[in-house]
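Please have the structure open as you read.

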Amino acid sequence: PTPTLHAENGVLTLEGLALPELAEQFGTPSYIYSKAALTAAFESWQQALAGRRALVCYAVKANSNLGILSVFARLGAGFDIVSGGELARVLAAGGHAGKVVFSGVGKTRDEMRQALKAGIRCFNVESAAELERLDAVAGELGVLAPVALRVNPDVDPKTHPYISTGLKGNKFGVAFADAQALYRRAAALPNLRISGIACHIGSQLLDPAPVAEAAQKVAGLVDRLADDGITLDHIDLGGGLGIRYRDEAPPVVADYLAPLLKVFEGRNEELYFEPGRSLVGNAGLLLTRIEYLKPGETKNFVIVDAAMNDLARPALYDAWHEVVEVVAPSTESQVYDVVGPICESGDFLARERRLAVAEGDLLAILSAGAYGMTMSSNYNTRPRAAEIIVDGGQAHLVRARETVAALFADEKPLS
Ligand code: LLP
């Protein structure tokens, strides 16, 4: 799934750098990303949108490492954030506040102040209460807050229920039927500037049809708002484009966008997108070393030095990540569960995989660039993995492996 991952003389390399050497240099477990793959993914969005006024706002939650953010900032990306912390990261990485959109149902007053002072592009407001609060906070600061309402178009994105967000029964966005009244309310509030409309229906989407359906609904609403004298300068269509983990066949970006662009043909609004996974997912892998082989009566286990605290997706969503031997196997293969050292039965990275491995061997867990490191934890007092970006023959450590001392530096025993 990673375009820059190749086997050379039986050894896996990323942008020409041998993974065993990276393991030697940086240790394991480590997340390794390819700058060329990041760049190619971003450029496929840019190319598909060429000739159309559009802004690609990378969804920071997918991978918020400053190294990754700096790559996208330099390519001209905007950013979709969901916290004040993510805003701080974007600015620290050289991103422009003027290209930041702020999503999320629970923005605090402090986060609103921080974002207003920084001068972000737009708040994607998700409730009536948030609209009132934002108006008050902007008023205190004496500024106008740019707003879009995130509407819930109630279409079924046909993805995992945990990551579908556009259906009626979930916490995101404002009900489609209420949107027009809320826009009128926004127009009456003194410290808001109505800028756009936003929707996001879910993640790991493999079919562009539901997004196009949502877009159609949104376009209709934009026209009804215009009848009310409320004009918008942009339409934010969210993120969600899926990637291939196993045998999925997601559309290429251009094919995903084609039906959407058709909906907006001849319209003047700038289009925003918030892709996360499709920009980073297949640009990264998790490199891990085998500590033990443990044959069992009904199952064989490969116990590795990465665990669910490093990559939570398998435990959380039963997500499938491809696992490959880093050095071409010479031993016989067997079927194994690949598990970590954490004391939970849910601590698996992969199940029932045929692998030819021995203690001390390296494994690469693929498609781990999105929602890998950002969802990691310190469960079991495990320091988080190092992160490395390879770029044309050079390896850059963009996050040092955490130390145990740092993990409890802010704690103290009760005296
Ligand atoms: N915009 C909004 C408002 C979102 O909620 C999300 C993702 C995105 C953009 C980016 O979506 P993407 O292009 O990455 O699909 N942890 C889950 C995925 C959660 C997605 C949450 N929202 C996973 O590991 O699969």
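1. In this predicted model, three strands form an open sheet, in which the order is 1-2-3 and the pairing is antiparallel. The edges are taken by strand 1 (5–8) and strand 3 (17–18), each of which pairs on one side only.

2. Looking at one of these pairings in detail, strand 2, which covers residues 11–14, is joined to strand 3 in the antiparallel sense over 2 bridges. Within this part of the sheet, Thr13 is found opposite Ala18 of strand 3.

3. Turning to the helices, helix 2 (residues 35–48) packs with helix 3 (residues 66–74) at an angle of about 45 degrees, and their axes lie 10 Å apart. Because of that angle, helix 2 is described as oblique to helix 3, and the crossing of helix 2 and helix 3 is a right-handed one.

4. Which residues make this contact between the helices? From helix 2 they are Lys35, Leu38, Thr39 and Phe42, while helix 3 supplies Ile68, Val71 and Phe72.

5. The last point concerns the ligand, which is surrounded by 20 residues, with Ala59, Ser203, Gly239, Gly276 and Tyr371 being the closest. As for the make-up of this shell around the ligand, 10 of its residues are polar, 6 are nonpolar and 4 are charged.

Key
Residues numbered from 1 in each chain as written. Predicted model: local features only at pLDDT ≥ 70, side-chain atom pairs only at ≥ 80, totals over all residues. Pairing = 2+ DSSP bridges. Helix = DSSP H or I, 4+ residues; strand = E, 2+ residues; numbered from the N terminus. Axes fitted to C-alpha atoms, helices over the stretch in contact; angles between N-to-C directions. Parallel < 35°, antiparallel > 145°, perpendicular 65-115°, else oblique. Left-handed = near helix turned anticlockwise from the far one by under 90°. Contact = placed C-beta atoms within 7 Å. Near = placed C-beta within 6 Å. Nonpolar A, V, L, I, M, F, W, Y, C, P; charged D, E, K, R; others polar.
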